[in-house]
Each structure stands twice: as structure tokens, then as C-alpha cells.
Amino acid sequence: MSVHRIRGSSRRGLVSATLGFFVGFAGVVLYGPVATEFESAMGLSGLALGLLVGAPQLTGSLLRVPFGAWVDDVGPRKPFLVLLSLSIVGMAGLSVLLVTAYPGGLTMELYPLVFLCGALSGCGIATFSVGTTQTSYWYPKDRQGTVLAVYAGLGNSSPGLFTLLLPIALAALGLTTAYLVWFAFLVAGTVAYAALAVDPPSFQLREQGLDTDEARQRAEAYGQELFPAGDAFASIREAATIPRTWALVALFFTSFGGFLALTVWLPTYWTAIHGMGVQGAGALTAVAFTLPAAVLRVPGGYLSDRIGGEVTAVGSFVVVGLAALGLVVTRTYGTALGATVCLAVGVGVANAAVFQLVPKYVPEAVGGASGLVGGLGAFGGFVVPPVLGLFVDSFGESGYATGFVVFVALALASVALAERLYRTRASVGVDAAAAGE
């Protein structure tokens, strides 16, 4: 009788997923913290600038959908490595462009190539749905909110750190060398993930020759409670037929898509409205918004587990709306700083609350739902910056502040939607129980 062994542990699964996500997710701020450098070199309009800083989110959001479901077929390790490798290709291309063309030759004619390199570099952002599923499959249902918040909170901290460090590296090393150092970090991080990562128990058992049913039975003995649907894209198709999935997509569009958009847009806001330099604007964005929003996912997940994700989401979206309104009407530095911190609190807690609801509302297709919610929701990170850029093109410099009205509208819509989910929670529980049976 053959003996089947499981490598690794739930903790190792969480650590490796967090590491890989941290490395790939830094691509969110590929251009944002030093956007003024590209804007001045290439002569970009507000719309073109918004598209450029959002370029990594194009692939980083849309690829979450197929890759999140692909996990259900092959496990998380292979999709993780494919996405990180694509990011390496994008960063290599950008490094070549900067070495050969920056500063004098980096003209508007190269904009498509710069955009393409940004989009490829953003593939690592799509590891979010892969790592989310990896973490979910390693841990029991009653710990989902906490462990997903730890995974997302620590992984989400990389854009904040890079928003802080990239302008410093720009001043100390120059733009080209700063990106070469980033390229080396990406390669080293990918190698480290490859050495550490282990698939959840059911995938390891299937690799050892067990069929799906027997692998599931044995994996339950190792504490695995959530399992894939089997077909790589069946989970997406199943999740797409459930209206609750699309409600969660809309909520995540505001919370996580808003987080991505604000992370890349706030440095230019501080520069344009409050006259800060590139280094100061990047540091302020990191300290007042990106890092707090990332870290607050951890207590946000804990709070969601205790009082419910629906209630937590309603409260956090109210905070987002009020904070965004404050940025629209004020031109005072102190008030704007306070509103920015409140935005961080709102989106950080909302991100944890929304994803805590995924296994609760769509337990029959966690992988597909994670891909749809994480992917299409994060698409807000690509959609919103160009819209903010249109406000700049229409209203001039004041448009950098006026554009936050977009977040007021998104927050109001999200409060209404989250409150509706809260009112229907009883019937959802009945439906989920029936699906489990």
C-alpha cells in the first residue's frame, strides 16, 4: 500500500502566497509615484497620464479571472510562477527602453511601448486571486476572514513601500537605475516563491495519483475544508450564474479598484494641488494612504468575522464617501491629509469585508468567484484613473481635486448595495446550506 505524504503546512502555504503576492503586487505603482517624470518627458495629457499609471491594472485585473479559476485545475503554484514570469518580461522591456531612450529619446512615439511594458509588468498583480484561492484551500472556513486579511494586508503593503522608496531611489540613483534595481528584486522574489511554495493538500494528493474524490477525502484529514470544482473554468461559469457574485464584484470595484486607483493618482494630486515634490508626494501617499489601507485589512478581516462582512462594508463605504467629499471641497493641506487617512481606513476595511463574504456567499465556486470578484472588481484600478484625468483636462489643475466626486458616487452606490446584501443574508444562508447538501 502506497503512502501519500503532504509537503508543507497551512502556515507555509500562507507565507508563500503572501510573499508571491507582495512581489507581484508592487507593479501597481510601476508609474504612479514618478508619473510627473514620464508626463514631462513625453508631454502627456491628463487622459494619457491616467491611462499610463493605470496600465499595470489592465492585465493585473483581467488576468485574475482565468488564473483564479485555473488554480482549481492545477493548483496555485504554476499560475503564480507564470504571472510572475510575465512581469519579469515586462520589467525587462521597460529597463531596455529606459537604458536606450531616457531621457531625451523617451518621446510620445514610444508611448505604446511604455504602456505595453506597464501592462506586462502588471501581470504579477493578478496573483491576488491565485494567492487568495491558495490561502482559502489551506485553511478552514471559520478562519477565512482572518487569514485572507493577513494575506491581503501584508501583500498589499508592497505598493505603499514602493511608493515611498521609488522617489527616493529616483533622487539617489536616477530613473533608469531605480527600475533596474526593481527588476532585480522581482527576479529574486520570483525565485524565492518558487523555492517556498507548496500546493494545498488535495492538489498534492492528485499529483501523487489519487483521483479527485479520494484526494478530497484524504485532504479533509489534513484540515482542508474548501475544494475546487474540478474543471478550470467550470468554477467561473458557475460563479457567473450567481447574482451574489456580481454584487460582490461591484463592491470590490469601489473598494479594491478604488485602492489601486488612489495609490497611483494621489502622488500627482499632492504635487498639483499642494505643490509637493515627487519624493514628498510619494512618501505622503505611502504613509497616509497606501500602507494604512493595506495593513487595515487585517483588523478589517477580524472585525468582519466578528460582526459580519455586510455591516462592516456598509460602515466602511460611508467613511469612503465622506472622505472623498472632503477632498472635493477642500484645498487646505491639513484637511486633505485627514480626508486621505479616512479614505485609507474606509477602503482598507472594505476590502477585507468584501472578500470575507466570497466563501460565505459563493461557497460552491470559491475559485471562480475569487477570480471574478478580484479581477473585474480590481478593474476599477484601470478605469478610474483615466476618468480622473478627464477632470484635469476639463477643469485644469483644480480637476485633480474635483475628480474625487467619482469616489463619492461609487461610495453611495456601494452603501446601497452592501445594505441590500445585509437585508437578504437570511435567505442566502438557506441557499448556501442547500448547495452544500
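Helix H14 passes helix H18 in a left-handed crossing, where left-handed means that the near helix is turned anticlockwise from the far one by less than a right angle, and right-handed that it is turned clockwise. H14 covers residues 243-274 and H18 residues 333-356, and the two pack at an angle of about 155 degrees with their axes 9 Å apart. That makes H14 roughly antiparallel to H18. Angles under 35 degrees count as roughly parallel, over 145 as roughly antiparallel, 65 to 115 as roughly perpendicular and the rest as oblique. The axes are lines fitted to C-alpha atoms, for helices over the stretch in contact, and the angles run from 0 to 180 degrees between N-to-C directions. Helices here are DSSP runs (H or I, at least four residues), numbered from the N terminus.

Before going on, please keep in mind that this is a predicted model, in which local features need pLDDT of at least 70 and side-chain atom pairs count only at pLDDT 80 or more, while totals for chains, interfaces and linings use all residues. Residues are numbered from 1 along each chain as its sequence is written, and side-chain values use heavy atoms, leaving out hydrogens and water.

Now to the salt bridge, of which the structure holds one. The term stands for a side-chain nitrogen of Lys or Arg within 4 Å of a carboxyl oxygen of Asp or Glu. Here the side chains of Arg218 and Glu214 meet at 3.1 Å, N to O. Both sit in helix H12 (residues 212-220), and because they are four residues apart, about one helical turn separates them.

The table gathers some relative accessible areas; buried means under 20%, exposed over 50% and partly exposed in between (1.4 Å probe, protein chains only).

| Residue | Relative accessible area | Class |
|---|---|---|
| Arg218 | 28% | partly exposed |
| Glu214 | 28% | partly exposed |
| Ile307 | 47% | partly exposed |
| Trp138 | 6% | buried |

Ile307 belongs to helix H16 (residues 297-307). Together with Leu303, Val311 and Tyr422, Ile307 forms a nonpolar surface patch with about 310 Å² of accessible area. Trp138, in turn, lies in helix H7 (residues 127-138).

One backbone detail is left. Most peptide bonds are trans. The bond from Tyr102 to Pro103, however, is cis, with omega near 0 degrees. Pro103 is found in the loop between helix H5 (77-101) and helix H6 (111-121).

How values were computed. Patch = residues over 30% accessible without salt bridge, like charges linked within 9 Å, V, L, I, M, F, W, Y side chains within 5 Å. Areas by Shrake-Rupley, 256 points an atom, 1.4 Å probe, with all protein chains shown as cover.
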